[in-house]
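Subject: Structure handover and findings

Hello,

My notes follow below it.

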Amino acid sequence: MRNLYPNCLKVFLTGLVLFLLVGCAGKPFDYHPVSEIPKGPGLFSDKEDEDGKVVYDSKRNKAKESSRESHRVTDQQSDVKTDKSVGDEGKVQDYKEFQEYQEWKEWQKSKKDSDEFKEFQEWREWKSYQEWQKKSGLSAE
Amino acid sequence: MKKNVIKLSFLSVITICSVVLLSAPVNAVSFKVSGQINRAIEYVDNGDESELFHVDNDNSSTRFRFVGSEEIGHGMTVGIVWETQFESNSSSTIDVGQNDDGTSEFTERIFEAYFSGTWGKATIGQGDGAANGTAEVDLSGTSVVTYAGVNDMAGSVTFVDSSGAPITTISTTRNQFDGLSRNDRLRYDTPKLGPVTLSTSVTNGDAWELAARLSTEMEGLGKIAAAIGYVDTEDRTTPQYDQIGASISWLHDTGVNLTLSYGTRDTDGGTEPKNFYAKLGYIHGKQAVSIEWGQTDDLAVEGDESSSYGAGYVYNIYKGVELYAGYRLYELDRASGLNIEDINVLMAGTRVKFW
């Protein structure tokens, strides 16, 4: 070996000891070499934390799949909710119909003595008579 | 010793391959593409003539890369890095008198495969030697325009004397004595021992390197990054040389930062050149500014003092987009007493990381 080698090795080892001494006092970080492509997102990056265009990432794909799965579960749950809401809507419909029925009964009472109501009652009686005739085999004509 | 190193290296590869073959696939796969365009306009005045160039900034050239990895079980990851650069009229190759677009071609940077785990990382292929980057540690935020590698800005520009006669180029007289870059090698990096990582590599011509890197953050003191590397080129270069390069960069929480670099080389039967570099900077939000000085002694000719003074400014205007401007004054004092003109270089441009 030439003259410089032992000196270089001494310098190297001294530097190493200094590194270890200094290093013990802090927490490590990742140094990025100066001439390399800088870290972090580029101009066309979709995400702020992206470093390079991800062509394929199985972890990300798995995350997507699990996200899709959770969406599916959520959708199914929402379907169940929809059924429940359909049931609720049915109840509302029934209630509305009941209200209309009550209103109709009120209207009947209020129109009880009117000529139109009397005519309507006569028409109903005549219809009942017709049905009776059909059942008993007699013709109205 | 080198034969033992080589045997040990091959043994390591065989061991790793065996573990890989016995491992069961786990299917944690990642594959990414990224890249950048780094273009600038550069004004050069060699003291006799001046010229305006449209260049690719060689501080961090235009390039793209593919990075992929897969966890293969037993805590082991296998990965690949494929990185190619394409520079049209590189800033490191221009010289006054050039009037065309210079050369433009794909050049190799990194083509490597690696295996990593709790035991560290083994890399095979083309890429950085263990000591590469150890003389260039920099936390100033202005390294895209000024850093210890002063040849990247205008290394091929020629110093001329007062009559305009060429003397020598900047890069012949300047060097930061960094490790071997872009070589076909086998490299091993230890896992982080606290904030410290140790590395070694062997390459063609039996050249080998050692390095230690530190990156730590201390409350109230800020970040400190440092590295030291040793290179022995053995039969790889003629003449053979031993080299040591070290650098440290400190970034205080206030944004004030200081960077120092030192390197020396013992060339077989030649000189023992030395390089010193210092940079003082300040980072405020998306902006960073710095001033620097550097000097290499005795590289081309015993007694040479080749120095530079510079300033740099970088504005991170948008995600992945930087605007920058820098200035350097290169000087050469030669013992022969020649009256060598100073070289002034002004560069302004943008680096756009597209992914």
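How many salt bridges does a search of the whole structure find over all chains? The search finds 14. A salt bridge here is a side-chain nitrogen of Lys or Arg within 4 Å of a carboxyl oxygen of Asp or Glu.

Some ground rules before the details. This is a predicted model, where local features need pLDDT of at least 70 and side-chain atom pairs count only at pLDDT 80 or more, while totals for chains, interfaces and linings use all residues. Residues are numbered from 1 along each chain as its sequence is written, chains are lettered from A and ligands numbered from 1 in the order in which they are written, and side-chain values use heavy atoms, with hydrogens and water left out.

**The two chains**

Chain A has three helices and two strands. Helices (H or I, at least four residues) and strands (E, at least two) are DSSP runs, numbered from the N terminus. Along the sequence, the pattern of chain A is α-β-β-α-α. Chain A has 141 residues, of which 20% count as buried. Buried means under 20% relative accessible area, exposed means over 50%, and partly exposed lies in between (1.4 Å probe, protein chains only). The accessible surface of chain A is about 11600 Å², with 54% of that belonging to carbon and sulfur atoms. Such areas come from the Shrake-Rupley method with a 1.4 Å probe; for residues, only the protein chains shown count as cover.

Chain B has three helices and 19 strands. Of its 355 residues, 52% count as buried. Along the principal axes, the C-alpha atoms of chain B fill a box of roughly 70 × 50 × 45 Å.

Side chains of opposite charge can pair when their charged atoms come close. One pair crosses between chains. B:Arg109 forms a salt bridge with A:Glu36, with the closest N and O atoms 3.4 Å apart. B:Arg109 lies in strand E5 (residues 104-117) of chain B and A:Glu36 in the loop between strand E1 (27-28) and strand E2 (53-57) of chain A, so the pair joins two chains. Both B:Arg109 and A:Glu36 are buried.

B:Arg63 and B:Glu83 also meet in a salt bridge, at 3.3 Å from N to O. B:Arg63 is in strand E3 (residues 63-73) of chain B and B:Glu83 in strand E4 (residues 76-88) of chain B, so the pair ties together parts that are 20 residues apart in sequence. B:Arg63 and B:Glu83 are buried. A network of salt bridges links A:Glu36, B:Arg63, B:Arg65, B:Glu83 and B:Arg109.

B:Arg334 and B:Asp304 meet in a salt bridge at 2.7 Å, N to O. This pair links distant parts of the chain, 30 residues apart. B:Arg334 is buried, at 17% relative accessible area. B:Asp304 is buried too, at 2%.

**Surface patches**

Patches use residues with over 30% relative accessible area and no salt bridge; like charges are joined within 9 Å, and nonpolar side chains (Val, Leu, Ile, Met, Phe, Trp, Tyr) within 5 Å.

On chain A, A:Asp94, A:Glu97, A:Glu100, A:Glu103 and A:Glu106 form a negative patch. Lys and Arg count as positive and Asp and Glu as negative; His and the chain ends are not counted. The place of a charge is NZ of Lys, CZ of Arg, CG of Asp or CD of Glu. A:Glu103 sits in helix H2 (residues 58-110) of chain A. A:Glu103 counts as exposed because its relative accessibility is 55%.

Chain B carries a nonpolar surface patch with about 720 Å² of accessible area together; B:Leu260 is one of its residues. The largest share of that patch, three residues, comes from E14(B). B:Leu260 is in strand E14 of chain B and counts as partly exposed, at 40% relative accessibility.

**Backbone points**

Most residues other than glycine have a negative phi, and most peptide bonds are trans. A cis peptide bond joins B:Thr238 and B:Pro239, with omega about 0 degrees. B:Phe177 has a positive phi, near 55 degrees, and is buried at 1% relative accessibility. Phi of B:Asp206 is also positive, about 65 degrees, and B:Asp206 is partly exposed at 27%.

Best regards
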